[in-house]
Amino acid sequence: MTIESGRFPWGLTIICALLLTLLLGLGTWQLRRLAWKEGLIAQAEAASAAAPTPLPNRPGPLPAFSRVILDCDFEDGGRRPVELQTILDGRPGVRLLSACGDRIVDLGFVDEATSDRPGQIEFRPERPADARRRIVAVVRDAAPPGPMAPPARDGRFYARDNAAIAEALNVPATNAGQTLYAVDSAFPDFPALEPSAPPAAFSNNHLGYALTWFGLAMALIGFYVALLRRRLRK
């Protein structure tokens, strides 16, 4: 059988080649994402298993998922904690956000039914010497708020906007990209405060995505071969 050059489906061949390149590229990208995600999971597991270290006295980001020791007065200099409206296990309430030196610290959750706040009664800019608390916190990177995030009102935040929270707490912008989640209570005499860190949950579906793209590439090749053979028979 001979193929006349004018009858060969060059247009179909070019389109299929471009689609095949795209599908193989997407599959390869997902494999790279898989390797990155597995490294991130290993980093999180190693950091959570390591012993906590003192909070370094330097600006800039800390290793994500690491545990640090905080030795702070969380109302130092009159920086009263700000509140972030949230829901925990179906319960509405707020998370109290304070500062330890130049870092944002999430002290924990307070149920909406609790009207009191830790330190309200004795709060004053000049704190007693025993006001410092030593707790352990977990470092988490903070994602920027979405475009539809509502703004803060009356001193309460309705989205975790770390840039605005840092400004409210007088924390440098260089440290606004992370939040330190307390796992110990900074106010043990206030049992309504529930310190907790978000679980280090990672969705790792990249292998499945890669197999999907590669499977579509194989289907495209089969489709092209079938059409080409049919065309040549004619």
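Colleague: Is C100 buried or exposed?

Modeller: C100 is buried, with a relative accessible area of 2%. Buried means under 20% relative accessible area, exposed means over 50%, and partly exposed is in between (1.4 Å probe, protein chains only). This is a predicted model, where local features need pLDDT of at least 70 and side-chain atom pairs count only at pLDDT 80 or more, while totals for chains, interfaces and linings use all residues. Residues are numbered from 1 along each chain as its sequence is written, and side-chain values use heavy atoms, with hydrogens and water left out.

Colleague: Thanks! Which residue does a disulfide join to C100?

Modeller: That would be C72, with an S to S distance of 1.6 Å. A disulfide here is a pair of cysteine sulfur atoms within 2.5 Å, and by this rule the count comes to 1. C72 counts as buried too, at 9% relative accessibility.

Colleague: Where do C72 and C100 sit in the chain?

Modeller: C72 is in strand β2 and C100 is in strand β4, 28 residues apart, so the pair links distant parts of the chain. Strands (E, at least two residues) and helices (H or I, at least four) are DSSP runs, numbered from the N terminus.

Colleague: And why is the disulfide called right-handed?

Modeller: Because the torsion about the S-S bond of C72 and C100 is about 45°.

Colleague: New topic: how many helices and strands are there?

Modeller: The protein chain has 3 helices and 8 strands. The 8 strands form an open sheet with mixed pairing, in the order β1-β2-β6-β8-β5-β4-β3-β7. Two strands pair if DSSP finds at least two bridges between them. β1 (53-54) and β7 (156-157) stand at the edges with a single partner strand each, so one side of each has no neighbour in the sheet.

Colleague: In which sense do β3 and β7 pair?

Modeller: They pair in the parallel sense, over 2 bridges. E83 stands opposite R156 in β7.

Colleague: What about the largest nonpolar core, how many residues has it?

Modeller: It has 20 residues, and L70, F74 and L180 are among those with the most contacts inside it. A nonpolar core is a set of buried Ala, Val, Leu, Ile, Met, Phe, Trp, Tyr and Cys residues joined through side-chain atoms within 4.5 Å. Strands β2, β4, β5, β6 and β8 each supply at least two residues of this core.

Colleague: Which residues is L70 in contact with?

Modeller: Leaving aside neighbours within four places in sequence, L70 is in contact with residues including L55, C100, V105 and L180. Contact means heavy atoms within 4.5 Å.
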